[in-house]
Amino acid sequence: MAATVADFDGDGYTDIFVTNDRSFNFLFHNDGRGHFQEIAFEAGVAAPANGNPPSAMGTDAQDFDGDGRPDLVYTALRDETFPLYRNQGREFADVGSATRLAVLTRPMAGWGVVWADLDNDGWKDLVTARGDVLSVSGAHGARAREPLSWFRNGAGTGGRRFSAESFPGAPMALYRGVVAADFDNDGCLDVVATSLQEAARVFRNPCATGQHWLKVDVRVLGARVRVDGQWRHVTSAVGYAASYAGPLHFGVGEKKSVEVEVFWPGGGAKRLAEVPVDQVLVVRP
């Protein structure tokens, strides 16, 4: 159904995670010698902790807890929850229950999903595009349309607990793809979502928090970027039926300057100290 690409084990080579609808997921480990090995069971991401493969849909991989390792999330259908896996180095831990994401998402059907710091507090939130596979003209058609969802990663919990926030201005629809980007260059991530039988919608973030931000324009696939204690990696794959090719967005809260370090695929790094915030920082090899 979807794929995301990241260096999950930190060996310098990008791996591939693939979601499979109602069958076990794949994790293809890149051995650096031109071959991949499928290791989803060994790594703990073939299925959730209960061992039952759900209707896995869209997926996204970024570091949501600030330990430098890309974590995994994917959406599924109603009563299956949206599984969340914390990267522990060589294997993953299912933390959906511990972070409350499982209980929050159990009544939902999801497709697109993206890690995005909507409130610029320095912690990546989750935005999901929702909509069931039910026919809108059938007996249960009223349940098919769902809203977008925003799951806030609280700054005080450090990736340990999510809360469900309302997503203003998003009507009920058969949402599928979702991407977050700063379309109006005001420093806050906006959201664009596609849906069946309707035009795409753009939702402007009112940017009311007054928090600071930094966008790092690297444009090299596979590069890893650290802004103080936050990490992101460059990828064009986002969620379900969507892609993104813009700069990496970091919310930095009340900070006025940050340290930036870029690690290039294949080796080499560039470090910049005392970088002023609220700007687009262009970094090239």
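Two strands are taken to pair if DSSP finds at least two bridges between them. Helices (H or I, at least four residues) and strands (E, at least two) are DSSP runs, numbered from the N terminus. The structure is a predicted model, in which local features need pLDDT of at least 70 and side-chain atom pairs count only at pLDDT 80 or more, whereas totals for chains, interfaces and linings use all residues. Residues are numbered from 1 along each chain as its sequence is written, and side-chain values use heavy atoms, with hydrogens and water left out.

Strands of a sheet pair through backbone hydrogen bonds, in either a parallel or an antiparallel sense.

E1 is joined by 5 bridges to strand E2 (residues 15-19), the two running antiparallel, and the bridge partner of Val 5 in E2 is Ile 16.

Because Glu 261 lies in strand E20 and Arg 226 in strand E17, the pair ties together parts that are 35 residues apart in sequence. A salt bridge is defined as a side-chain nitrogen of Lys or Arg within 4 Å of a carboxyl oxygen of Asp or Glu. Glu 261 is buried, at a relative accessible area of 16%, and Arg 226 is likewise buried, at 13%; buried denotes under 20% relative accessible area, exposed over 50%, and partly exposed in between (1.4 Å probe, protein chains only).

Ser 257 is also found in strand E20 and is partly exposed, at 29% relative accessibility. Residues up to four places away in sequence aside, Ser 257 touches Asp 228, Glu 274, Val 275, Pro 276 and Val 277, where contact means heavy atoms within 4.5 Å. The side chain of Ser 257 makes a polar contact with that of Glu 274 (3.1 Å). A polar contact is a pair of N or O atoms within 3.5 Å; within protein, one must be able to donate a hydrogen and the other to accept it, and residues adjacent in sequence count only if both atoms are side-chain atoms.

In total, the structure holds 20 salt bridges. One of them joins the side chains of Arg 130 and Glu 146 (2.7 Å, N to O). This pair links distant parts of the chain, with Arg 130 in strand E10 (residues 125-130) and Glu 146 in the loop between E10 and strand E11 (149-153), 16 residues apart. Both Arg 130 and Glu 146 are buried. A network of salt bridges links Arg 78, Arg 130, Asp 132 and Glu 146. Elsewhere, Asp 217 of strand E16 forms a salt bridge with Arg 219 through their side chains (3.0 Å, N to O). Asp 217 is buried at 10% relative accessibility, whereas Arg 219 is partly exposed at 49%.

The structure holds 1 disulfide, a disulfide being a pair of cysteine sulfur atoms within 2.5 Å. It is formed by Cys 188 and Cys 207, whose sulfur atoms are 2.0 Å apart. The link of Cys 188 and Cys 207 is right-handed, with 75 degrees about the S-S bond. Cys 188 lies in the loop between strand E13 (175-181) and strand E14 (190-195) and Cys 207 in the loop between strand E15 (198-203) and strand E16 (212-217), so the pair ties together parts that are 19 residues apart in sequence. Cys 188 is buried, with a relative accessible area of 1%, while Cys 207 is partly exposed, at 23%.
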